[in-house]
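Here are some notes to read beside the model. Please keep the structure open while you go through them.

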Amino acid sequence: MQQALIELKNVEKKYEYGKEILPVFKGINLRIMQGECISILGPNGCGKTTLLNLMGGFAKPTQGSLVFEHEEILNPDSRKILLFQELGLFDWKTVQQNIAFPLIFQGLTDQEKQQRIEDAIHLVNLQGFEKLYPSQLSGGMKQRTAIARAVVNNPLLLLLDEPFSALDQQTREFLQEELHEIQRQQNKTIVLVTHDIEEALYLSDRIIVLSARPSRIKKIFPIPFSKPRDPALRHTPAFSQLKKEIWCCLREEMKR
Ligand SMILES: Nc1ncnc2c1ncn2[C@@H]1O[C@H](COP(=O)(O)OP(=O)(O)O)[C@@H](O)[C@H]1O
Ligand SMILES: [Mg+2]
């Protein structure tokens, strides 16, 4: 059997507030393969962000274990990058300086750094904008900068928490296409949390639908469309049919 890059074994998470306990999810079992793109959909508050935090090593499960490259995940490290909704760009640094930031800790020569930065800028089509500050950028360009910074160290795993939710529909579609291309070129493993079923369908190999809290995996949809995917795929009957099935599955949980 193919080796999983990341494996969740019977994962449970509860938060405690004094005497109160909030069970978020339990019994989560999942194997994510190298090069796979997985999307996680689920109602608000069902624990999607929490799940990404566990995979990134930013929090620990209450029970069960998470394994990355055969080792239990205990801490964050540069092989797995979590990109938050808020992006976290430094306002006082230029695009280029923001992208360069993760390289400070890598012990590279100036030339190696320069090459990596150039490659990352190229990858997200930000050539010509290197010297601008975040306040001078559109939402889409900020997002591109954050993606470039996330991939500059060539991580194995990208964890993306609703990365495009603040963008208008057109910009969102362009960025989805770019992310699709990055994943393909670099054979990245991606776990994407999103509210956008089309986004999940266009990008993913499998879509996981979580139930309402205390959540579990309600259903896993394998996505049959071959890659690379044409943006026009979104307008095919097969795409619409699957979108409807996933919507129905999700909708039941949102009403609970
Ligand atoms: N660090 C935390 N401490 C305590 N409770 C939290 C923490 N993070 C999230 N929660 C709670 O856990 C539940 C799941 O949150 P979250 O993972 O953010 O859900 P989602 O991303 O699916 O909307 C929510 O009820 C939230 O209030
Ligand atoms: Mg969230």
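In what order do the strands of the open sheet of six strands stand? The points below start there.

1. The model is a predicted one. In its six-stranded open sheet the strands are ordered E6-E7-E8-E3-E9-E10, and the pairing is mixed. Strand E6 (80-83) and strand E10 (217-222) form the edges, and each of them pairs on one side only. On average, neighbouring strands of this sheet are turned by 15 degrees against each other, with direction ignored.

2. In general, the strands of a sheet pair through backbone hydrogen bonds, and the pairing is either parallel or antiparallel. Strand E3 (residues 37-41) and strand E9 (residues 206-210) run parallel and are joined by four bridges. To find this pair in the model, look for Ile40, which stands opposite Ile208 in E9. E9 and E10, by contrast, are antiparallel, with five bridges between them. One place to check is Arg206, whose bridge partner in E10 is Pro222. The link from E9 to E10 is a hairpin of six residues.

3. There is also an open sheet of four strands, in the order E2-E1-E4-E5, with antiparallel pairing. E2 and strand E5 (71-72) are at the edges with a single partner strand each, so one side of each has no neighbour in the sheet. Inside this sheet, five bridges connect strand E1 (residues 4-17) with strand E4 (residues 63-68) in the antiparallel sense. Lys9 is opposite Ser65 in E4.

4. Helix H1 packs on this four-stranded sheet, where it touches E1, E2 and E4. The direction of H1 makes about 120 degrees with that of E1. Which residues of H1 are buried? They are Lys48, Leu51, Leu52, Leu54, Met55 and Gly56. After H1 comes Gly57, which has a positive phi, near 85 degrees.

5. H1 matters again when one looks at ligand 1. The residues around ligand 1 are Tyr15, Leu22, Val24, Gly42, Asn44, Gly45, Cys46, Gly47, Lys48, Thr49 and Thr50. Strand E2 (20-33) and helix H1 (48-56) are the elements that give two or more residues to this shell. H1 gives the most, with three residues.

6. The protein is divided into domain 1 (35-60 + 69-79 + 157-256) and domain 2 (86-154). How far apart do the C-alpha centres of domain 1 and domain 2 lie? The separation is 24 Å. Eleven residues from domain 1 and ten residues from domain 2 take part in the contact. On the side of domain 1 that touches domain 2, helix H5 (residues 169-186) gives the most, with five residues.

7. The last point concerns the interior. Nonpolar side chains tend to be buried together in soluble globular proteins. The largest nonpolar core here has 62 residues, and Met55, Ala148, Leu159 and Val191 touch the most other members. At least three residues of this core come from each of domain 1 and domain 2. Leaving aside residues up to four places away in sequence, Ala148 touches Ile99, Ala120, Ile121, Leu123, Val124 and Leu126.

Note on methods. Residues are numbered from 1 along each chain as its sequence is written. Chains are lettered from A and ligands numbered from 1 in the order in which they are written. This is a predicted model: local features need pLDDT of at least 70, side-chain atom pairs count only at pLDDT 80 or more; totals for chains, interfaces and linings use all residues. Two strands pair if DSSP finds at least two bridges between them. Axes are lines fitted to C-alpha atoms, for helices over the stretch in contact, and angles run from 0 to 180 degrees between N-to-C directions. A nonpolar core is a set of buried Ala, Val, Leu, Ile, Met, Phe, Trp, Tyr and Cys residues joined through C-beta atoms within 7 Å. A residue is buried if 20 or more other C-beta atoms lie within 10 Å of its own, exposed if 12 or fewer, and partly exposed in between; C-beta atoms are placed from the backbone. Domain bounds come from an automatic or database domain assignment. Two residues are in contact if their C-beta atoms, placed from the backbone, lie within 7 Å. A residue is near a molecule or strand if its C-beta atom, placed from the backbone, lies within 6 Å of it.
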